Amino acid sequence: MAGILLALILPNTLKAIDRANRTAEESNVKTLQTAVFMCYTQTKDWKVCNTEQQLFDGHYIEKHIVSPYGEDYVFRTRDDVSGNEGIGVIVYSALDPAAKD
(Lines give C-alpha, C1' and ligand atoms only; values in the text may rest on other atoms or scores of the structure.)
Protein backbone atom coordinates (compact mmCIF):
# COMPACT_ATOMS: atom_id res chain seq x y z
CA MET A 1 0.00 0.00 0.00
CA ALA A 2 2.77 2.45 0.91
CA GLY A 3 4.58 1.59 -2.32
CA ILE A 4 1.53 2.50 -4.38
CA LEU A 5 1.18 5.85 -2.61
CA LEU A 6 4.88 6.53 -3.09
CA ALA A 7 4.61 5.67 -6.78
CA LEU A 8 1.77 8.19 -7.13
CA ILE A 9 3.31 11.00 -5.09
CA LEU A 10 6.98 10.82 -6.08
CA PRO A 11 6.72 11.85 -9.77
CA ASN A 12 4.61 14.91 -8.95
CA THR A 13 6.95 15.87 -6.13
CA LEU A 14 9.98 15.62 -8.41
CA LYS A 15 8.24 17.72 -11.07
CA ALA A 16 7.40 20.39 -8.50
CA ILE A 17 11.00 20.49 -7.28
CA ASP A 18 12.27 20.80 -10.85
CA ARG A 19 9.84 23.64 -11.60
CA ALA A 20 10.93 25.46 -8.43
CA ASN A 21 14.61 25.05 -9.37
CA ARG A 22 14.00 26.36 -12.89
CA THR A 23 12.10 29.36 -11.54
CA ALA A 24 14.90 30.11 -9.06
CA GLU A 25 17.49 29.78 -11.84
CA GLU A 26 15.59 32.22 -14.09
CA SER A 27 15.24 34.67 -11.21
CA ASN A 28 18.96 34.47 -10.43
CA VAL A 29 19.91 35.14 -14.06
CA LYS A 30 17.59 38.18 -14.16
CA THR A 31 19.07 39.47 -10.89
CA LEU A 32 22.62 39.11 -12.20
CA GLN A 33 21.74 40.73 -15.53
CA THR A 34 20.15 43.68 -13.71
CA ALA A 35 23.29 44.02 -11.56
CA VAL A 36 25.43 44.03 -14.72
CA PHE A 37 23.38 46.91 -16.16
CA MET A 38 23.55 48.82 -12.87
CA CYS A 39 27.32 48.37 -12.81
CA TYR A 40 27.69 49.56 -16.39
CA THR A 41 25.46 52.57 -15.77
CA GLN A 42 27.81 53.74 -13.04
CA THR A 43 31.17 52.70 -14.50
CA LYS A 44 30.59 52.93 -18.28
CA ASP A 45 32.90 49.94 -18.63
CA TRP A 46 31.60 46.45 -19.36
CA LYS A 47 34.94 44.89 -18.41
CA VAL A 48 34.47 45.71 -14.74
CA CYS A 49 30.97 44.19 -14.76
CA ASN A 50 31.56 40.75 -16.24
CA THR A 51 31.96 38.43 -13.25
CA GLU A 52 29.86 37.74 -10.21
CA GLN A 53 32.82 38.61 -7.96
CA GLN A 54 33.13 42.05 -9.55
CA LEU A 55 29.41 42.64 -9.04
CA PHE A 56 29.70 41.58 -5.41
CA ASP A 57 32.82 43.71 -4.79
CA GLY A 58 31.12 46.70 -6.39
CA HIS A 59 28.08 46.24 -4.13
CA TYR A 60 25.72 45.57 -7.06
CA ILE A 61 24.63 42.31 -5.44
CA GLU A 62 24.40 41.76 -1.69
CA LYS A 63 25.54 38.15 -1.63
CA HIS A 64 26.94 35.55 -3.93
CA ILE A 65 24.14 34.00 -5.92
CA VAL A 66 24.09 30.24 -5.86
CA SER A 67 22.48 28.20 -8.60
CA PRO A 68 19.98 25.60 -7.38
CA TYR A 69 21.83 23.17 -9.67
CA GLY A 70 25.22 23.85 -8.12
CA GLU A 71 26.70 25.31 -11.33
CA ASP A 72 28.34 28.70 -11.81
CA TYR A 73 26.69 31.32 -13.96
CA VAL A 74 28.39 32.16 -17.24
CA PHE A 75 29.11 35.79 -18.14
CA ARG A 76 29.70 36.45 -21.86
CA THR A 77 30.78 39.69 -23.46
CA ARG A 78 28.55 40.56 -26.36
CA ASP A 79 29.87 42.10 -29.58
CA ASP A 80 27.81 44.27 -31.89
CA VAL A 81 27.07 43.50 -35.53
CA SER A 82 29.95 45.75 -36.68
CA GLY A 83 32.46 43.59 -34.85
CA ASN A 84 33.04 46.06 -32.01
CA GLU A 85 33.92 44.08 -28.93
CA GLY A 86 32.52 44.44 -25.47
CA ILE A 87 29.25 46.29 -25.96
CA GLY A 88 27.48 44.30 -23.28
CA VAL A 89 27.53 41.35 -20.97
CA ILE A 90 24.99 38.55 -21.06
CA VAL A 91 24.49 36.22 -18.10
CA TYR A 92 23.62 32.59 -18.80
CA SER A 93 22.63 29.72 -16.62
CA ALA A 94 25.25 27.00 -16.86
CA LEU A 95 22.43 24.73 -18.05
CA ASP A 96 21.65 27.02 -21.01
CA PRO A 97 23.05 25.57 -24.26
CA ALA A 98 24.29 29.06 -25.22
CA ALA A 99 26.62 29.02 -22.19
CA LYS A 100 28.60 26.19 -23.72
CA ASP A 101 29.57 28.05 -26.93
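Visitor: Why is K100 called exposed?

Guide: K100 has a relative accessibility of 61%, and exposed means over 50% relative accessible area, partly exposed lies in between, and buried is under 20% (1.4 Å probe, protein chains only). K100 therefore counts as exposed. This is a predicted model, in which local features need pLDDT of at least 70 and side-chain atom pairs count only at pLDDT 80 or more, while totals for chains, interfaces and linings use all residues. Residues are numbered from 1 along each chain as its sequence is written, and side-chain values use heavy atoms, with hydrogens and water left out.

Visitor: What does K100 touch, not counting residues up to four places away in sequence?

Guide: R76, A94 and L95, where contact means heavy atoms within 4.5 Å. K100 itself lies in the segment after strand 2 (88–92); strands are DSSP runs of E of at least two residues, helices are runs of H or I of at least four, and both are numbered from the N terminus.

Visitor: What makes the phi of K44 worth a remark?

Guide: Most residues other than glycine have a negative phi. K44 is not a glycine, yet its phi is positive, about 60 degrees. K44 sits in the loop between helix 1 (2–43) and helix 2 (52–57). With a relative accessible area of 56%, K44 is exposed.

Visitor: Where does H59 lie, and is H59 buried or exposed?

Guide: H59 is in the loop between helix 2 and strand 1 (74–78). Its relative accessibility is 71%, so H59 counts as exposed. H59 also has a positive phi, about 65 degrees, without being a glycine.

Visitor: How do you know that C39 and C49 form a disulfide?

Guide: Their sulfur atoms are 2.1 Å apart, and a disulfide is a pair of cysteine sulfur atoms within 2.5 Å. The pair therefore meets the cut-off. C39 belongs to helix 1 and C49 to the loop between helix 1 and helix 2, ten residues apart. The structure holds one disulfide, and both of its cysteines, C39 and C49, are buried.

Visitor: Why is the disulfide called left-handed?

Guide: Because the torsion about the S-S bond of C39 and C49 is about -80 degrees.
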